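User: Hi! I have a new model open and would like to go through it with you. Could we take it piece by piece?

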Amino acid sequence: MYEDMYCSPAHFGLTIVGSLSADLCYEFSMLVVWQRDEDGALFWGTDSGCSCPSPFEDFKSVAALRRIADATEFAREARLWATGEDIARDDVERLIRKVRRLVKKMEAAA
């Protein structure tokens, strides 16, 4: 059985924290944030395409994702990505706040 990071994140030792998805007809455009189960590290990635492939099916390992080391940098990148998509600003800011909380929690635990 084929497993990808979006539909089967546990196969990669990940849990989805949140996602943003443009409302497109017969296409997808997504930004997803994952947390690694082993150590709580945060990662994100974007993918887009027609409705035939599954989102993130070409992402074969965590190495294909971008690690979130700085919540401010992630916020800038997420907002930039969302400007080209039809995504509610409130949804973008909600995901950014969630990521900021998780980064602060990890920093406090370190």
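**Salt bridges, sheet and a buried aspartate**

User: How accessible is Arg-36?

Analyst: Arg-36 counts as partly exposed, because its relative accessibility is 21%; buried means under 20%, exposed over 50%, and partly exposed in between (1.4 Å probe, protein chains only). Bear in mind that this is a predicted model, where local features need pLDDT of at least 70 and side-chain atom pairs count only at pLDDT 80 or more, while totals for chains, interfaces and linings use all residues. Residues are numbered from 1 along each chain as its sequence is written, and side-chain values use heavy atoms, with hydrogens and water left out.

User: Thanks! What does Arg-36 form a salt bridge with?

Analyst: The partner is Asp-39, with the closest N and O atoms 2.9 Å apart. A salt bridge here is a side-chain nitrogen of Lys or Arg within 4 Å of a carboxyl oxygen of Asp or Glu. Asp-39 is partly exposed at 41% relative accessibility.

User: And how many salt bridges does the whole structure have?

Analyst: The search finds five. One of them joins Arg-66 and Glu-77, whose closest N and O atoms are 3.7 Å apart. That pair links distant parts of the chain, since Arg-66 is in strand β4 and Glu-77 in helix α1, 11 residues apart. Helices (H or I, at least four residues) and strands (E, at least two) are DSSP runs numbered from the N terminus.

User: Which residue does Glu-93 meet in a salt bridge?

Analyst: Glu-93 meets Arg-79, at 2.8 Å from N to O. Glu-93 sits in helix α2 and Arg-79 in helix α1, so the bridge ties together parts that are 14 residues apart in sequence. Arg-79, Arg-89 and Glu-93 also form one network through salt bridges that share partners.

User: Nice. What else is buried in α2 besides Glu-93?

Analyst: Val-92, Leu-95, Ile-96, Val-99, Leu-102 and Val-103 are buried there too. Their cover includes β1 (14-21), β2 (27-36), β3 (42-50) and α1 (71-83).

User: Changing topic: in what order do the strands come in the sheet?

Analyst: The open sheet has four strands in the order β1-β2-β3-β4, with antiparallel pairing. β1 and β4 stand at the edges with a single partner strand each, so one side of each has no neighbour in the sheet. Two strands pair if DSSP finds at least two bridges between them; β2 and β3 are joined by nine. Gln-35, for instance, has Leu-42 in β3 as its bridge partner.

User: Which backbone nitrogen lies 2.6 Å from a polar atom of the Asp-47 side chain?

Analyst: That is the backbone nitrogen of Phe-56. Phe-56 is in the loop between β3 and β4. Phe-56 is buried because its relative accessible area is 0%. Its phi is positive, about 65 degrees, although Phe-56 is not a glycine.

User: One last thing: how far is Ser-54 from Phe-28?

Analyst: They are 8.9 Å apart in space, C-alpha to C-alpha, and 26 residues apart in sequence. Ser-54 is partly exposed, given its relative accessible area of 28%.

Definitions and conventions. Contact = heavy atoms within 4.5 Å. Polar contact = N/O pair within 3.5 Å; in protein donor to acceptor, adjacent residues only side chain to side chain.
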